[in-house]
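Here's a quick look at the charged side-chain pairs in this one. Have the viewer open and follow along.

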Amino acid sequence: KLASEESLSKGVTSFHDAGSNFATIDLFKRFAEEGNLPIRLYGMVRRETNEDMDARLPQYKILGAGDNHLTVRSIKRQIDGALGSRGAWLLEPYADLDSSSGFVLEPVEDITRTAEIAIKHGFQLNTHAIGDRANREVLDIYEKVFKANPDKKDLRWRVEHAQHINPADIPRFAQMGVIAAMQGVHATSDAPWVLIRLGADR
């Protein structure tokens, strides 16, 4: 309630909530239906198992509840970490730590299964990817699932952050209709790390 009031006082009326489990969504829905959700939320299902999502997503597809204050029709996953902590998954090792290319936070196979569930239930999928390897792997997952479901169009799936991308992968976003959901603040927040972690060429 306090966060909503503060946001509205600054003219901010809408948020994307990139990570709510079913219990939190239940709470948001109750607030919206009671007229107690003063800001508009676009919610993403997160931290639920693939099995639970497959079983329960139909009842959690919410479009404009509470006078268009709550919509839930997407899922959030996270394939890698951040650049500063050397957690971003890279195609080549870090310039300042040649023994590491970052790491995978959520397995490719698990995210692939989420993608299959998302497309089955008509949900958008939004996957965090910072490193160039992470971005390529996510695009590969999306491409595989899109090809297996050629009848599904205009899905508007997203790669969250899409921060460091190999030039060969840049055109794939447009070719597949995938949104590069970038945040401008990363240009400044990660600026101190870019040259150190990636080197001048990258």
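Let's start with Asp 110: at 32% relative accessibility, this residue counts as partly exposed. Keep in mind that the model is predicted. The partner of Asp 110 is Arg 77, and the two side chains meet in a salt bridge at 2.8 Å, N to O. Arg 77 sits in strand β4 while Asp 110 belongs to helix α5, so this pair ties together parts that are 33 residues apart in sequence.

Arg 77 also has a salt bridge to Glu 106, at 2.6 Å from N to O. Here Glu 106 is in the loop between β4 (residues 70-78) and α5 (108-121), so the contact links parts 29 residues apart in sequence.

Next up is Arg 86, which forms a salt bridge with Asp 96, their closest N and O atoms lying 3.1 Å apart. Both residues are in the loop between β4 and α5, so the pair ties together parts that are 10 residues apart in sequence. Arg 86 is partly exposed at 26% relative accessible area, and Asp 96 is partly exposed too, at 28%.

Salt bridges with shared partners also join Arg 136, Asp 140, Glu 143, Lys 147, Asp 169 and Arg 172 into one network.

| Pair | N to O distance |
|---|---|
| Arg 77 and Glu 106 | 2.6 Å |
| Arg 77 and Asp 110 | 2.8 Å |
| Arg 86 and Asp 96 | 3.1 Å |

Definitions and conventions:
Residues are numbered from 1 along each chain as its sequence is written. This is a predicted model: local features need pLDDT of at least 70, side-chain atom pairs count only at pLDDT 80 or more; totals for chains, interfaces and linings use all residues. Side-chain values use heavy atoms; hydrogens and water are left out. A salt bridge is a side-chain nitrogen of Lys or Arg within 4 Å of a carboxyl oxygen of Asp or Glu. Helices (H or I, at least four residues) and strands (E, at least two) are DSSP runs, numbered from the N terminus. Buried means under 20% relative accessible area, exposed over 50%, partly exposed in between (1.4 Å probe, protein chains only).
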